[in-house]
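Please read them with the coordinates open.

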Amino acid sequence: MTVHIRFLGGTGTVTGSRYLVEHDGQSVLVDCGLFQGYKQLRLRNRDPLPVMPNHIGAVLLTHAHLDHSGYLPLLAREGFAGHVWCTPATRDLAGILLPDSGHIQEEDAAFANRKGFSKHAVALPLYTEDDALRSLRLLRTAPMHQAFEPVRGWTARFQPAGHILGAASLLLEVGGRRLLFSGDLGRPDDMLMLPPDPPPAADVVVCESTYGDRVHPHEDVLAELATALQRVSARGGTAVVPVFAVGRAQALLHAIAQLKARGDLPHSLPVYLDSPMAIHSTELFGRHLGEHRLNAAQCRDMAAVARMARSAEESKAIARQHGPKVILAASGMATGGRVLHHLALYLGDHRNMVLLTGYQAPGTRGATLASGGASLRMHGQDIPVRAEVVQLSSASAHADANQLMNWLRAMPKPPHRVFVTHGDPGASDALRQRIERELRWHAMVPEHGSTWLA
């Protein structure tokens, strides 16, 4: 019997990762992500899947980022009742991220209704916080490297991918075939996470290509960060840092703690972590020692370097603190959350700075800032951008082209096919050409909705 992989997302874009694997009347969904970025992408979150949710036997999550897990509450609400398999740390993070995602969508819908932004009579959230909480009941965990059976006759195994806490690559064995899904691969020299495990042998590899054929610069993230924060502090400004609540927030906290410890930044420089989700995620590092580079003392230092703004009142109070300061707030691409409040307050002053610390998907406010946009549209109005915008070239949590190629080279034997996904078309096609040229493997760039024989 044949095995098919149907690409339902993560093709032609870096978001919405969903891969449906089908064999002998059974199917599993690898990742269950939200589309993010351009409006036409976000609208795809409301499109029905080409398979009934109650016909999916299981869901397998590579990690907890919303572009890989954020569609799960809607899938469950629409009838999926199987198990959702993930690593223990991914379960803990999903317990933070998914309810927060539902809450933000409810808030955005309510705001649109108050201000009349929606073209619909009543703006409705994609799903609610309650939907997310109910979907968490479906989560089941499997430790790294331990084989388990997501559906009868199928074998799966997670192995560390080094991207964020709990992130894994997935080996799926079905119908006599070995399918390897890279998930998002981290950098081998990441400040927080251990390097990805070498890949096992597989017939087919589905490999992320967020950065395509690009290579990260060799700048030192500590030096880059110190220079930027020293500059904004010297002019009495505020650095607004949009952060991903999981991964980037903790990396920046750890870096700032090191810079203060060695005297590159004054201990008196106020640092705020304004994201309940990031605060809770930071606490998880102490509960998962051994899955990252930090020891218990470093985890405590990372948490202690910032003043935690848990409530909305504490968030608003930050604006009353005069003088130089650093504000880390979600979301990392400025698509929503508390960072929008800070951007609205500080973008218009040339003394201030916006510090971008990760990939900015096309169509997001972060991408507008990174491209030098003169204004930023938020809540129905255009905010002029007069603050300095800095993008840390060394802060990405994704592997670059060389690191992806080294990961693929480490396979015990060449696979039959490599599908290059999770990137924009040009970047993915460039990486495919490099794979075919250097490794002489048959690499393919799938299209959204296509079905491929594995």
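The points below cover the sheet, the helices across it, the salt bridges and one serine.

1. Basis. This is a predicted model, in which local features need pLDDT of at least 70 and side-chain atom pairs count only at pLDDT 80 or more, while totals for chains, interfaces and linings use all residues. Residues are numbered from 1 along each chain as its sequence is written, and side-chain values use heavy atoms, with hydrogens and water left out.

2. The sheet. Six strands make an open sheet with parallel pairing, in the order S13-S12-S14-S11-S15-S18. Strands (E, at least two residues) and helices (H or I, at least four) are DSSP runs, numbered from the N terminus; two strands pair if DSSP finds at least two bridges between them. The edges are S13 (307-308) and S18 (388-391), each with a single partner strand, so one side of each has no neighbour in the sheet.

3. One pairing inside it. S11 (residues 238-242) and S15 (residues 353-356) are joined in the parallel sense over two bridges. Ala239 stands opposite Met353 in S15.

4. Helices across the sheet. H6 (residues 221-234) lies across S11, S14 (325-329), S15 and S18, at about 170° to S15. H11 (residues 339-346) lies across S11, S12 (271-274), S14 and S15, at about 145° to S11. Axes are lines fitted to C-alpha atoms, for helices over the stretch in contact (heavy atoms within 4.5 Å); angles run from 0 to 180 degrees between N-to-C directions.

5. A salt bridge here is a side-chain nitrogen of Lys or Arg within 4 Å of a carboxyl oxygen of Asp or Glu, and the count comes to 23. In one of them Arg338 meets Asp274 at 2.6 Å, N to O. Arg338 is in the loop between S14 and H11 and Asp274 is in strand S12, so the pair ties together parts 64 residues apart in sequence. Asp274 is buried (under 20% relative accessible area; exposed is over 50%, partly exposed in between; 1.4 Å probe, protein chains only), at 0%.

6. A charged network. Salt bridges link Asp213, Arg409, Arg434, Arg437 and Glu438 in a network. The closest N and O atoms of Arg409 and Glu438 are 2.7 Å apart; those of Glu438 and Arg437 are 4.0 Å apart. Arg409 is partly exposed at 40%, as is Glu438 at 35%.

7. Ser428. Beyond its neighbours within four places in sequence, Ser428 contacts Ser209, Val420, Thr421, Gly423 and Val445.
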